[in-house]
Amino acid sequence: MTNGPIVIGVKRLEELGVPRRTIWRRCEPGGVWRMLLPGVVLLGNGEPTDEQRIEAGLLHAREGSMLTG
């Protein structure tokens, strides 16, 4: 697990009380967050690490998915 920005799903952010409008605004170009995949956000605006990309892919694919070679 990395110590960098968190990768999280939009649905989870909404469950935590973050309005969808706020999520999209923070993911706009030049914003403080970055949309990695549809419905998956990096809570930072830099380039994601390999670990963050993997986590984003698994979140996007949903429960029960796995990553192979």
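Reader: Which backbone atom lies 2.8 Å from a polar atom of the side chain of glutamine 52?

Author: The backbone oxygen of proline 5 lies 2.8 Å from a polar atom of that glutamine 52 side chain, and this is a polar contact in the sense of N or O atoms within 3.5 Å, where within protein one must be able to donate a hydrogen and the other to accept it, and residues adjacent in sequence count only if both atoms are side-chain atoms. Please keep in mind that this is a predicted model, where local features need pLDDT of at least 70 and side-chain atom pairs count only at pLDDT 80 or more, while totals for chains, interfaces and linings use all residues. Residues are numbered from 1 along each chain as its sequence is written, and side-chain values use heavy atoms, with hydrogens and water left out.

Reader: Fine, and is glutamine 52 buried or exposed?

Author: Glutamine 52 lies in helix H3 and counts as buried because its relative accessibility is 3%; buried means under 20% relative accessible area, exposed over 50% and partly exposed in between, with a 1.4 Å probe and protein chains only. Helices are DSSP runs (H or I) of at least four residues and strands (E) of at least two, numbered from the N terminus.

Reader: Switching to the sheet, in what order do the strands come?

Author: The order is E1-E3-E2 in an open sheet of three strands, with antiparallel pairing, where two strands pair if DSSP finds at least two bridges between them. From one strand to the next, the twist averages 35°.

Reader: And which helix packs on that sheet?

Author: Helix H3, residues 50-61, does so, touching E1, E2 and E3, where contact means heavy atoms within 4.5 Å. The direction of H3 makes about 10° with that of E1, using lines fitted to C-alpha atoms (for helices over the stretch in contact) and angles from 0 to 180 degrees between N-to-C directions.

Reader: How many bridges join E2 and E3?

Author: Three bridges join E2 to E3 (residues 40-42) in the antiparallel sense. Leucine 37 is opposite valine 40, and arginine 34 has leucine 42 as its bridge partner. The hairpin has two residues between the strands, and glycine 39 there takes a positive phi near 85°.

Reader: What does histidine 60 touch, once its neighbours within four places in sequence are left aside?

Author: Histidine 60 is in contact with Leu37, Pro38 and Val40, and a polar atom of its side chain lies 3.2 Å from the backbone oxygen of proline 38. Histidine 60 belongs to helix H3 and, at 38% relative accessibility, counts as partly exposed.

Reader: Last one, where is arginine 25?

Author: Arginine 25 is in helix H2, and its 43% relative accessibility makes it partly exposed. Its C-alpha is separated by 21 Å from that of leucine 59, which is 34 residues apart from it along the chain.
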